Amino acid sequence: MTTCPACAATELRFIDSQSGIPGNSCLLLDSATAAAAFPTGDMTLTVCQGCGFVFNATFDPTLSEYSARYEETQGCSPRFVEFARALASRWVEDYDLVDRTVLEIGCGSMGEFLQLMVEAGVGRAVGVDPALEPRRIDVAEPDRFEWIPDFYPVPDITDDVSAIVCRHTLEHIASVGDFMRSLRQTIGARTDVIVLFELPDVQRVFDEVAFWDVYYEHCSYFTAGSLARLFRASGFDPIKITHEYDDQYVVIEARPSPDGPPSHSPSGGAELLELIASAEEYGRRVTTVRRQWRDRVSAAVDEGQRVVIWGAGSKGVSFLTGLRENDIQFAVDINPAKHGFFMAGTGQEIVAPDFLATYQPDLVVAMNPIYLDEIQQELEERGLSAELIGV
């Protein structure tokens, strides 16, 4: 890509590159052989100097699959469910969504967040996602839900829709400008519709040099500033922008602007310059950080220690891919749907926490520090004294 997918500017700056990255992170692969042979692509992480949008300039959408094999739920974590329930309740209360209709674009395989919104008072929920598995969904009042296993824009925004939710989906879309303009056009004159998005915050990724949070499926990355600029340029008026979940996520709440898109692109000023500087600093440091983690794991193995990662999702795939050569054999996950499958690209078997009672690991590397307390409890319940560290 030679122009920015968000604002069409041509002043782009290279950040980092990787080759041989698995095209998917959450597909269920039934053998180590299939995992090792999984299609890979290249990453050319790039930042737009015009709007601050960060993207993979060599992204190939044909390498990413969203189907019934896609297993992304985080609903097995009490911490995550608590966060999601509180967010659903807040949105229902703040925007008077009791007994209203809500549409979620990218609702996941089980529509869990929509279920929480109905629990909080929403009258009717429509979920759209190509990975939807309606057979796995068990709700008390099925007539209040409509499940559409397809890509948006199915269906149209009907007159009874009061809110459009899109959580952890925009980062999977390469043509973000086209997507947001299409959404605004579909909403049309309905300026009363509330639009609620949540996605990872790349500023934290840059600040922490969190290379495990950069992976092929995520072809698009935002800060609060670049996300607000995209929304305004697409004809939306941001109402509120917050950082959530230990500042890992950025949440934007907006309404369609009655005046449509502005005549000129919004300026980022000092905030945009700081973003570009932090992106460049990430590019300078990331190779060293990858090597430090590779050396940390290698040193433990050389001392005869058994090392596992905890978290067999996208972060885990990216972490292991970033290490390249390593002697980690297993990835632990609390989601039973993943057990017995294998990590894309690197081939580690995904095991249940109970497996560790037999395996007796010495070092457990948690793929998200927010879960350290949960993981420590799981280890103690099994009588394990392994060292636990977070990335």
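Thr 242 touches Arg 90, Tyr 249, Val 250 and Val 251, leaving aside residues up to four places away in sequence, where contact means heavy atoms within 4.5 Å. The model is a predicted one, in which local features need pLDDT of at least 70 and side-chain atom pairs count only at pLDDT 80 or more, while totals for chains, interfaces and linings use all residues. Residues are numbered from 1 along each chain as its sequence is written, and side-chain values use heavy atoms, with hydrogens and water left out.

**Setting of Thr 242**

- Thr 242 is found in strand β10, which covers residues 236-244; strands (E, at least two residues) and helices (H or I, at least four) are DSSP runs numbered from the N terminus.
- With a relative accessible area of 17%, Thr 242 is buried, a term that stands for under 20% relative accessible area with a 1.4 Å probe, protein chains only.
- The side chain of Thr 242 makes a polar contact with the side chain of Glu 244 at 2.8 Å; such a contact is a pair of N or O atoms within 3.5 Å, and within protein one must be able to donate a hydrogen and the other to accept it, residues adjacent in sequence counting only if both atoms are side-chain atoms.

**The protein overall**

- The secondary structure comes to 10 helices and 16 strands.
- Of the 391 residues of the protein, 55% count as buried.
- Among contacts with a separation of 6 or more, 68% are accounted for by residues 24 or more positions apart.
- Along its principal axes, the C-alpha trace spans about 65 × 50 × 35 Å.

Key:
Buried means under 20% relative accessible area, exposed over 50%, partly exposed in between (1.4 Å probe, protein chains only).
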